[in-house]
Amino acid sequence: MLAYLTRRAVHSVIALTGLVIAVFFLARLTGDPTNLYLPPEASREAREEFSRKHGFDRPATEQFARFVGDVLDGNLGFSLKKQRPAVEVVLEAYPTTLKLAAVTLLIAISLAIAVGALAAYRPGRVFDRVGSTGSLIGASAPDFWVAITAILLFAESLRWLPTSGTGGFPYWVLPVTVLALRPFGLLVQVVRGAMMDALASAYVKTARAKGVAERSVIFVHALRNALLAAVTVAGDIAVGMINGAVIVETVFGWPGVGKLMIDAVEQRDFAVIQASIMITAAAIFLMNILIDLLYVALDPRIRHQ
Amino acid sequence: MPNADAPLLEVDDLRIEFRSGREIVRAVNGASFTVRRGETTAVLGESGSGKSVTAAAIMRLLASPPAHITGGRIRFNGADVLGAPMAQWRKRCGRDIGMVFQDALASLNPVFTVGWQIAEPFKAHGVLPAKAALERAVALLGRVGIPEPHARAHDYPHQFSGGMRQRVMIAMAIALDPSLLIADEPTTALDVTVQAQIMDLLLDLQRERHMAMVLITHDLGVVAEVADRVAVMYGGRVVESGLARDVLPRPAHPYTLALLESVPRSDIEQQQLNPIVGSPPNMATLPSGCAFHPRCRRATSECRAARPPTVKVAPGHHAECFYAQQVFDGR
């Protein structure tokens with residue numbers, strides 16, 4: 001277990017180092033933030049003063065060396081825009097992203113399991129056809145298009161729901177639905193396939209031969225095995241979600257880490273870009289471990305290897 | 001309680017097809033045999049002869065589609081099996097009839113402990129609550145010869161050896177003391193030394209519990225050792241049936257005879273093996289007349305033209321061959 005965690009951690013640190021280097025220099029290629037933060041009529045002295053204060057006058061390599069030193073001291077930098085430590089800014093946005101991800105995943109996974117399992121029980125019947133086709137559309141529809149179409153229809157034309165922002169239940173409906181669509185579609189396909197395999201398996205025959213009621217055959221014997229495949233895919237989806245649903249958060253003005261990153265890039269708020277990427281990487285690392293542990297808990301064959 | 005002499009299980013003219021697209025595979029083409037209380041009936045045949053499909057049909061485990069039962073009857077304890085509502089039939093599975101499958105690794109659920117799986121019939125049939133059921137499961141594990149049953153009940157199927165897994169399957173099948181045990185090639189997947197142990201265990205349990213057993217097998221040696229009755233299947237039909245002690249020493253069907261001759265013998269000097277020439281029939285395009293005629297030394301134009309009648313060569317000994325009497329008489 002310890003060996004496994006160490007190996008995982010080493011891999012993550014290596015990957016993160018490469019990523020941070022790339023992000024650091026790429027961000028600086030977007031140009032000097034000075035012009036963005038000072039008014040057009042600001043004097044040359046003021047501009048130079050700003051550059052010097054934030055170290056933008058130094059060569060990029062020197063800036064990088066300083067950044068690495070700061071990181072090792074536990075300092076992820078200072079947000080130019082918010083005038084606060086970047087860590088604070090990112091950690092403030094994070095729960096918003098996590099809440100959205102958690103609600104979305106919960107809905108997508110439970111619905112997908114129900115739909116996938118029932119579709120697999122009677123393949124080729126009406127429910128299966130509607131479910132399979134619907135899930136395929138859901139899995140393939142581009143989220144930016146769905147998001148904007150949904151806003152036009154439900155917020156603009158029908159005026160049933162708010163266009164964007166955060167608040168009570170109505171504010172959750174569109175972002176969660178749009179964000180859940182792809183995971184739901186993918187998972188229905190996975191659960192349906194895995195359930196069909198499980199229902200055709202020898203152990204399901206054994207369960208029937210023992211006189212186990214059909215309900216338990218499906219929802220205990222078969223589904224418990226089909227979940228193994230679902231967890232693998234749901235895990236990937238969960239990892240994809242906790243780095244912020246960039247498009248959905250941006251379109252719906254949802255103040256999560258995805259939107260924060262996009263804003264930070266636009267504003268050349270380098271410290272926030274870097275901090276959000278490092279914190280997201282840490283979250284992904286933890287998430288992956290959580291998924292592995294869940295997988296081990298679900299599949300005894302892996303536990304005993 | 002039905003008459004003790006009445007057959008426990010009757011399979012009568014059973015016909016089963018598998019349909020996929022245009023192709024129709026006629027796996028079982030009018031198979032008939034009976035099983036009496038406390039007796040072992042061996043259903044003997046090559047792969048593809050329809051014996052396992054017949055076993056699955058008795059338990060109503062065939063998936064439809066692709067399988068369709070197109071004719072015949074199955075009676076258990078005098079009651080119609082195929083016509084009963086599924087939910088009602090399911091309540092008899094496990095309680096009145098137990099089944100042991102060939103591949104125990106695939107047939108045990110990989111994500112539940114063996115204790116849980118053996119305890120399940122008690123719970124599913126409302127016989128015992130979970131805790132008591134688990135205690136019974138431990139006792140059953142001990143009965144089928146698993147050492148340290150208390151500890152092993154918490155293990156998963158993949159933690160057992162092939163023979164031990166088959167013991168687990170057997171424990172599960174006999175949990176509710178069924179009056180009939182269907183064992184579908186219970187030893188085929190096992191090492192030769194383990195095969196004998198598993199057969200011995202099955203026989204012990206059968207005697208101890210007065211169970212009837214349907215033993216699906218392709219192993220003549222096993223049949224000779226354990227079977228009271230034998231039904232020989234070929235091309236989806238039972239071509240010869242009778243008491244094992246009548247049929248094996250003096251078969252009346254050329255196929256049974258060829259099978260017996262193909263077994264290598266240790267008591268006489270043999271230059272070579274005597275295989276049955278040709279290969280088992282393609283069940284999608286069965287030969288006309290007697291399905292065995294392309295491989296039969298005695299086949300005549302008659303055998304190609306029409307299905308042979310069932311000939312009674314001795315009381316309770318039947319064979320489906322125009323020349324059954326000649327074969328029986330050794331002519």
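Please keep in mind that the model is predicted. Together, chain B and chain A bury about 2000 Å², and two salt bridges are counted between them.

**The interface in outline**

- The size of an interface is often given as the accessible area lost when the parts come together.
- Here, carbon and sulfur atoms account for 62% of the roughly stated total of about 2000 Å².
- Chain B brings 26 residues to the contact, and chain A brings 21 residues.
- On the chain B side, the residues that lose the most area to chain A are Leu61(B), Arg90(B) and Val111(B), which together make up 28% of what that side buries.

**Elements on the chain B side**

- Two or more residues each come from β6 (97–100), α3 (104–107), α4 (114–124) and α7 (162–173) of chain B.
- Of these, α4(B) gives the most to the side that touches chain A, with five residues.

**The nonpolar patch on chain A**

- Phe144(A), Trp145(A), Val246(A), Ile247(A) and Ile262(A) make up a nonpolar surface patch with about 450 Å² of accessible area together.
- Helices α7 (143–157) and α11 (246–251) of chain A each give two or more residues to this patch.
- Val246(A) lies in helix α11 of chain A and is partly exposed, because its relative accessible area is 31%.

Definitions and conventions. Residues are numbered from 1 along each chain as its sequence is written. Chains are lettered from A and ligands numbered from 1 in the order in which they are written. This is a predicted model: local features need pLDDT of at least 70, side-chain atom pairs count only at pLDDT 80 or more; totals for chains, interfaces and linings use all residues. Side-chain values use heavy atoms; hydrogens and water are left out. Patches are made of residues with over 30% relative accessible area and no salt bridge: like charges are joined within 9 Å, nonpolar side chains (Val, Leu, Ile, Met, Phe, Trp, Tyr) within 5 Å. Accessible areas come from the Shrake-Rupley method with a 1.4 Å probe; for residues, only the protein chains shown count as cover. A salt bridge is a side-chain nitrogen of Lys or Arg within 4 Å of a carboxyl oxygen of Asp or Glu. Helices (H or I, at least four residues) and strands (E, at least two) are DSSP runs, numbered from the N terminus. Buried means under 20% relative accessible area, exposed over 50%, partly exposed in between (1.4 Å probe, protein chains only). Contact means heavy atoms within 4.5 Å. Buried area is the accessible area (1.4 Å probe) that two parts lose on being put together, summed over both.
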